[in-house]
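Have the structure open and follow along.

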Amino acid sequence: MPTHHKERMNKAVNDGVWSGAWVAERLGVELVGGPELTGLLGLALRRNPKRAHLLVSHVLGKHVPQSPAVVHGHGLELGRRVRELLGERESARAVVLGYAETATGLGHSVADGLGTAPCLHSTRRPVAGVAPAGGFEESHSHATSHLLLPEDPALLAGDGPLVLVDDEFSTGNTVLNTIRDLHARHPRERYVVVALVDTRSPADTARLDAFAERIGARIDLIATASGAVRLPDDVLRRGQELVARHEQPPAPEPAPSGTVTRVPLDWPAGLPDGGRHGFTPAHRQRLERALPALAGRLAEALPAGARRILVLGSEELMYAPLRLAEALERTTGAEVRFSTTTRSPVLAVDDPGYAIRTRLVFPAHDDPADGPGERYAYNVAGAGFDAVVAVVDSVADTPALHAPGGLLARLAAHTPHVLLAVVPSYAPARTLERPPMLPEPLRGPAFSSYAPEEVGWLLQDLSDVTLEAPTEEREEAIQSGGAHYAESLPVEYQPSEQYQELFHAALETSAARLARAVGTVTELVLAERSRRPVLVSLARAGTPVGVLMRRWAAFRHGLDLPHYAVSIVRGRGIDANALRWLAAHHDPADVVFVDGWTGKGAITRELAEAIEKFEAEGGAHGFDPEIAVLADPGACVRTYGTREDFLIPSACLNSTVSGLISRTVLRADLVGPDDFHGAKFYRELAGADVSNAFLDAVSARFPESTDAVGAAVEDLLAGDRAPTWAGWAAVERISEEYGIHDVNLVKPGVGETTRVLLRRVPWRILARTGAGADLDHVRLLAEQRGVPVTEVADLPYTCVGLIHPRYTRGATGADGRAVNA
């Protein structure tokens, strides 16, 4: 690079020459909007018959190398403004769509500012096997067709706000085309258009307003700066004449003199390289955690003494290189700049009043669908970079990239050191052969007797399928290995009048204690897990607890927390499709799994193993497998309301205290690989339903519980809550002592013992000596089923239920009564 050229470029900056002056003077273009507009933009001439001028952003990171903190910061600020406009509730439902190629990084950055929004960007690169979920045209561009290729098309199928992000909003045509296409498929009530600059004419503004009124949607606009571009009537002719006059014949490129070194990044497995197929909050969290190490590898590979460094992205691949550059800027003392290669053909003029000073030309190297062609890197030659870090995805790491006339050779002719970092191209799991999307959660009153805002069920409705089998038949099939317990349902137990009286008496007695436990576990979650947690109950025992936690958060803190119920099956794991849905709509780091109680801790272990498997198979990272429970008598978790083993009245009944929803079902002929697990809604039991009565009785005791909750939380936060797994050890001892030799047939605690009596074939009940009213319902059920109750002095639980260890109908009688020991 000639020294005099570098000095001229620096002098232009120091002299404060506006980088649009050259075009404004010669073409008659006027940029109206004050210093904030000219501070953001310069001007150049397009080599494009549809539009003469190009607004060149100083902060986009495309044509002009800029500090990555500045580039990312502008997007973050726009995202924060969107969040303020929408409010927390609507922001949590928003999806961000950025436009290829210039606004892919900006769209990601806006999503970062929103904080909870997944991001998708349009693309001009078709991907084999991925069905387009939409597409549109960009009328003024040299390359017009945009494709939308989300891995999960549900990203575009929701009804929350859609945030459309572009670098400039000049006519509104692209936005109109996009909304028209998507609104016809999935109408929604609100759109937000975000741009760095808004230069629409009054007529364009009116056209968008009329369009919004016609489709019955609200369309807001947020921009960093606004103004107008005034053009002469003959701007196209004059622009073409200027380009022809100043276009220089291609000069021979200097021979490469710099070195090219490949830097292994060790990019996290399964983490998308960008938003072409969707980028969720969970992906964002994974990237944030990985960035220090990724930047460290780049820093180690940089030559000693490098003071001025460019990180150069590749066309649509803007966000990953931007974040790498930002991390490198933070961790090194060097001056780091960021920009990206582009398809856009622009005239280069070496003048301080012109935005595009130099141009590198090289052939496309990612096998584009529209065939071979030129690609460009602007303002790189002559900028005095000691090193350039070229970041491409693996699809673009081709022989053409490394060829004598390719990008790396062109860079090596203008900088002494070129580093190549390759990010693996993300391969979507969903293809044309797979179902297009997961459904939205089921809600009451169509599914469950809970109010729709109380819980969304990530389940499929199997209410019309006969799944019930006699308890004795189920037990024999389960223990013989002929069936899994989740493949059928027990016949719903209908409580006697005496048993219902016990339930209501127990609820009256324990409501205050339950309220304290609900408040305690909710406060621990808010203090330690997330200030705005997403409650995810393990259906079905966890669901009433999740609803109560949601109510406490509203009562005590005015929070409106999302709450879902998902299926987890012992031996089969958690519903992976439900996890995918959650990751697409929420940050997995905010998800808190909720259950009613722990017994021996089997589900706690099941969840941890299932999430580890989910991540290993390419699922979103960031889910915390620790369960928050109302009662933890097994000492299996850190987040609990109490470790006492006491009667939780919701354990006394089945569906009639759980929104009339059955236990979940997982059977291959009913639940496909892309389906949620199933469950039934027992509408016919509405007359016996006490689900909301239970919730209301506990919620009514919240006000009197606040002081006790505060004291309990203070003690727990200061104490040692590390799991001891004492329950598991006790279960193993009992299993051997009673000759069962199978911990799955030992069900510790009041809740699990009740389940044994309601759903399985019980053998005997062990009760702690002196246990009082907490066991009244257990003693009644045991009497009704002919099951002996044995008092045990040193039992670590209030009671333990034992399932018959060698059950056949011949051994116990066709009526299911347990044999004597």
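Which residues in α4 meet which residues in α5? On the α4 side they are His72, Gly75, Leu76, Leu78, Gly79, Arg80, Val82, Arg83 and Ser91, and on the α5 side Leu106, Ser109, Val110, Asp112, Gly113 and Leu114. Keep in mind that this is a predicted model.

**α4 with α5**
- Sorted by class, the residues of this contact come out as 6 nonpolar, 6 polar and 3 charged.
- α4 runs over residues 68–91 and α5 over residues 104–114; their axes sit 6 Å apart, and the packing angle is about 50°.
- As for handedness, α4 and α5 make a right-handed crossing.

**α7 with α8**
- Here α7 (residues 173–185) packs against α8 (residues 202–215) at an angle of about 10°, and 11 Å separates the axes.
- Since angles under 35 degrees count as roughly parallel, α7 and α8 are therefore roughly parallel to each other.
- From α7, the contact draws on Asn173, Leu176, Ile179, Arg180 and His183, while α8 brings in Arg207, Leu208, Phe211 and Ile215.

- Helix α15 takes in residues 497–528, which is 32 residues.
- From first C-alpha to last, α15 reaches 43 Å, close to the 46 Å expected at 1.5 Å a residue.
- Look at Ser510 for the kink: α15 bends there by about 55°.
- The partner to check is α23 (residues 776–785), whose axis comes within 10 Å of the α15 axis, with a crossing of roughly 165°.
- Angles over 145 degrees count as roughly antiparallel, and that makes α15 roughly antiparallel to α23.
- This time the crossing is left-handed, α15 passing α23.
- Gln498, Tyr499 and Leu502 of α15 make the contact with Asp776, His777, Leu780 and Leu781 of α23.
- By class, that contact of α15 with α23 has 4 nonpolar, 2 polar and 1 charged residues.

**Backbone spots in the loops**
- Going from Gly444 to Pro445, the peptide bond is cis, with omega near 5°.
- To find Pro445, go to the loop between β18 (417–423) and β19 (456–457).
- There's also a cis peptide bond from Ala539 to Arg540, again with omega near 5°.
- Arg540 belongs to the loop between β23 (534–539) and α16 (542–557).
- Asp266 isn't glycine, yet its phi is positive, near 60°.
- You'll find Asp266 in the loop that runs between β12 (259–262) and α10 (281–301).

Conventions:
Residues numbered from 1 in each chain as written. Predicted model: local features only at pLDDT ≥ 70, side-chain atom pairs only at ≥ 80, totals over all residues. Heavy atoms only, no water. Helix = DSSP H or I, 4+ residues; strand = E, 2+ residues; numbered from the N terminus. Expected span 1.5 Å × (residues − 1). Bend = angle between axes of the 7 residues up to and from the residue. Axes fitted to C-alpha atoms, helices over the stretch in contact; angles between N-to-C directions. Left-handed = near helix turned anticlockwise from the far one by under 90°. Contact = heavy atoms within 4.5 Å. Nonpolar A, V, L, I, M, F, W, Y, C, P; charged D, E, K, R; others polar. Parallel < 35°, antiparallel > 145°, perpendicular 65-115°, else oblique.
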